[in-house]
Amino acid sequence: MTQSGPYFIGGDVYRRPGFGNNHPLAIPRVGLVMVICEAMDWLDGHYLESPEADDAALLRYHCPDYLEAVKRAARAGRADPDDRAHYQLGTMENPIFDGLEQRARTTCGGSMLAAEKALSGCVAFNPAGGTHHGMPDRAHGFCYFNDPVMAIMTLLDGGAGSVFYLDLDAHHGDGVETAFADEKRVVTLSIHERGRWPGTGLGHGGMGSGIYNYPVPEGFNDSELAALMAGAVLPMIETLKPDACVITCGADGLAGDPLSGMMLSNVALWDAVTEVTQRVPGTVVLGGGGYNPWTVARCWSGLWGRLSGRTPPWPVMDSIKVRFAEIDCDLIDDEDRDPRWFAFLDDEPTEAQVRPEVTALIADTGTDWREVV
């Protein structure tokens, strides 16, 4: 029997490989999260199969000519030179692969379904979501469509008078910020590593803009995330009292990820997400980046454990140890593979100094956000 939440939204499409060869996302991610949660018996009564977003939904944000280009490339299995130049399709960054269109549509459909469930006052988790770089007229940063935008639009359509978007990915949530820069009902806040691609999100959007960015230094640690949440993010949420929240919880800020220099534990990310879900009537939680297959799978599996009311520690089951041992990843050298990744889903949380750069970010928050929504 289906319960009233929380909900885990997945799909069989994620059990199949994607992104071809020699791509940072050509690793087990969401499919492996589903396998772990099934093995832990965490999905019974909570699992929803994701639908595919139709053209009408995608065209709320994406340009018609771009959508047609995606369809052409998916049918042909390649992008022609004009489409590659105009829409950034078929590049090393955004390759064309078997099942691309279905996968991208399913990701958006899952986030829209999550938003529909969140409107009823619960938490809904779509780990395949978080394609926050997608632009209206082109693929961008491994993202073909922008599912967080679809989730926020669904919340607004469903009667949410205000939505708070929190991005915890190591890379700036540029696509979502751009989409809602002029929408007074939406506040976007991104915590990301300073100096990382795409090189945006260097500061706030100005008085009353509803855009807040916290570019954190390399080595960003658990204590610093907790300080930033307590000193800036949670006070903002408590004052604004949004009707709903969308969170992109990328796993690329974790220690051991090859595409960032942040040093978070997965427990610190779980704490940040659950602190928000306890303060907002309904929340959509999404995945995002993450390029170490072991840390990604453990992070999002454990995040679902926390969202569904369970408490670590969680030893890795023998059947999952076998799956973990079968994984290879050229981006992670053998000597850099932490034994804990193969023993527990939860990391050892760490306490460290909160550096002056992070304290300054908190002090720079200001008070103009009190008048945004």
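Colleague: Is Q88 buried, partly exposed or exposed?

Modeller: This is a predicted model, in which local features need pLDDT of at least 70 and side-chain atom pairs pLDDT 80 or more, while totals for chains, interfaces and linings use all residues. Residues are numbered from 1 along each chain as its sequence is written, and side-chain values use heavy atoms, with hydrogens and water left out. Buried means under 20% relative accessible area and exposed over 50%, with partly exposed in between (1.4 Å probe, protein chains only). Q88 has a relative accessible area of 32%, so the residue is partly exposed.

Colleague: Where is Q88 found?

Modeller: Q88 has a positive phi of about 60° although the residue is not a glycine. Elements here are DSSP runs numbered from the N terminus: helices are H or I of at least four residues, strands E of at least two. On that basis Q88 is in the loop between α4 (81–87) and α5 (100–118).

Colleague: Is D41 buried or exposed?

Modeller: D41 also is not a glycine and has a positive phi, of about 60°. Its place is the loop between α1 and β2. With a relative accessible area of 56%, D41 is exposed.

Colleague: W42 and W314 form an aromatic pair, but what is the angle between the planes?

Modeller: The search of the whole structure finds 15 aromatic pairs. Rings of Phe, Tyr and Trp (its six-membered ring) pair if their centres lie within 6.5 Å; planes under 30 degrees apart are stacked, over 60 edge-to-face, and the rest tilted. W42 and W314 are 5.1 Å apart centre to centre and edge-to-face, with the planes at 70°.

Colleague: How many residues apart are W42 and W314?

Modeller: W42 is in the loop between α1 (30–39) and β2 (47–49), whereas W314 is in the loop between α10 and α11 (318–326). Both W42 and W314 are buried. The pair links distant parts of the chain, with a separation of 272 residues.

Colleague: Why is the pair of Y66 and F145 edge-to-face?

Modeller: Both Y66 and F145 are buried. Their ring centres are 6.3 Å apart, and the pair is edge-to-face because the planes are at 80°.

Colleague: How far apart in sequence are the parts that Y66 and F145 tie together?

Modeller: Y66 belongs to helix α3 (residues 64–76). F145 is in the loop between β3 (123–126) and α6 (147–157), so the parts tied together are apart in sequence by 79 residues.

Colleague: Which backbone oxygen does the side chain of N146 reach?

Modeller: N146 is in the loop between β3 and α6 and is buried, with a relative accessible area of 0%. Contact here means heavy atoms within 4.5 Å; leaving out residues up to four places away in sequence, N146 touches Y61, H62, C108 and H132, among others. A polar contact is a pair of N or O atoms within 3.5 Å; within protein, one must be able to donate a hydrogen and the other to accept it, and residues adjacent in sequence count only if both atoms are side-chain atoms. At 3.3 Å, the side chain of N146 reaches the backbone oxygen of H132.

Colleague: How far from C108 is the nearest cysteine sulfur?

Modeller: A disulfide is a pair of cysteine sulfur atoms within 2.5 Å, and the whole structure has zero disulfides. C108 is buried, with a relative accessible area of 1%. The nearest cysteine sulfur to C108 is that of C143, at 9.9 Å.

Colleague: How far does helix α10 reach from its first C-alpha to its last?

Modeller: Helix α10 (residues 293–307) has 15 residues, 14 of them buried. The expected span of a helix is 1.5 Å times one less than its number of residues. The expected value for α10 is 21 Å, and its reach is close to that, at 21 Å.

Colleague: At the start of α10, which residue has the backbone nitrogen that a side-chain oxygen of N292 reaches?

Modeller: At the other end, just after α10, G309 takes a positive phi of about 90°. At the start, the side-chain oxygen of N292 comes to within 3.0 Å of the backbone nitrogen of W294.

Colleague: The peptide bond from P312 to P313 is cis, but what is omega near?

Modeller: P313 is in the loop between α10 and α11. The peptide bond from W197 to P198 is cis too, with omega near 10°. For the cis bond from P312 to P313, omega is near 15°.
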